[in-house]
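Q: Please take a close look at the part of this chain that a record annotates as a set of regions. Join the findings into one account.

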Amino acid sequence: MPAPCLPFLHFCPQLPLPPPRPAVCRQLAIASSPGRWSPITFSVSRARVPDPPQRRAAVVSGRAVREEQQQWGRAGDEDGEDLGEALDRTRQLVECAMFAAVAGLAYFLSNSLAIENYFSCFFPLPIVISSLRWGLEAGRKTVVATVLLLFTLSGPVKASSYLLMHGVVGLIMGTVWRLETNWIVSIILCSIVRALGACGYVLVSSFLIRENILALITVNIHASLTYILAAAGVNSIPSMDAIYVLFGTLLLLNCAFFVFLLHVLYTVFLTKLGIKPSLRPPRWLDNVL
């Protein structure tokens, strides 16, 4: 039936629809079915479409982002290494401060309670441990911190006494053990340093009390030796040079015996702590341990 139009226009004829074509419908159904590809879609998918400018810009920006991430990764590794070194330095300073506090307080309390002779063998131990763990610089820091702490707590006399009698000995022992030197060299060096420290302590005490203690010691040794020789029937009197040689020899023997005991005691103690690879004890002591 013809559709009505406006009053001033004629009726528009309705055109009939074309009849359906079964072959075309079948091809379209096959092409749209899942798992099947039509020749048209296959050819379109294989066609090479040029990259638009937006895609090119995205590729360039992605490459720049990857390069920047790689650079940041390297920077992060460097920052991580710097952070590790800073943490190691912080641990070194903290341990040096703790060892210095332990050594200074132990020496201060021993002097206050008059028990220094019983615990004097443990005074160089914190310096030795600090030198073995962190190197020679850490040992020097521990010595300086301990001396400053004792200078603050007890004054310059106690600080100088600790430095001459124990601090330098611990520093030399830790240095020699850090360098993995033989025990014979270590005992000789530490004995000489201990003897020089004892002489320095005597000189400091002589300056403080305004009296020559070294001369008093040598005079008393001369008098005692003369009395012994006279009692034995010997009419010769030893000279002062012989007295000085005898005094130095006895002092070195005393210091060598003390240092040897320190070596044995510290080796046993540090072996129990697990610092044995840095030590080189003699074979007989190594077999005992």
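A: Helices here are DSSP runs of H or I with at least four residues, and strands are E runs of at least two, numbered from the N terminus. The model is predicted.

Start with the record. An unreviewed UniProt entry lists "transmembrane region" for residues 115-136, 143-163, 183-204, 213-237 and 243-270. Take residues 115-136. This span is 68% helix and 0% strand. Its end C-alpha atoms are 30 Å apart. Now residues 213-237. Here the chain is 76% helix, again with 0% strand. The end C-alpha atoms of that span lie 22 Å apart.

Next, helix 6, residues 136-153. It holds 18 residues. From first C-alpha to last it reaches 26 Å, close to the 26 Å expected at 1.5 Å a residue. Just after helix 6, Gly-155 takes a positive phi of about 105 degrees.

Now the surface. Val-157, Val-204, Phe-207, Leu-208 and Ile-209 make a nonpolar patch of about 450 Å². Helix 8, residues 183-209, gives the most to this patch, with four residues. Ile-209 sits in helix 8. Is Ile-209 buried or exposed? Ile-209 counts as exposed because its relative accessible area is 52%, and the cut-off for exposed is over 50%.

Terms used:
Residues numbered from 1 in each chain as written. Predicted model: local features only at pLDDT ≥ 70, side-chain atom pairs only at ≥ 80, totals over all residues. Heavy atoms only, no water. Patch = residues over 30% accessible without salt bridge, like charges linked within 9 Å, V, L, I, M, F, W, Y side chains within 5 Å. Areas by Shrake-Rupley, 256 points an atom, 1.4 Å probe, with all protein chains shown as cover. Salt bridge = Lys/Arg side-chain N within 4 Å of Asp/Glu carboxyl O. Buried < 20%, exposed > 50% of the residue type's maximum accessible area, 1.4 Å probe, protein only. Expected span 1.5 Å × (residues − 1). UniProt positions renumbered as here; feature names shortened; annotations may be inferred.
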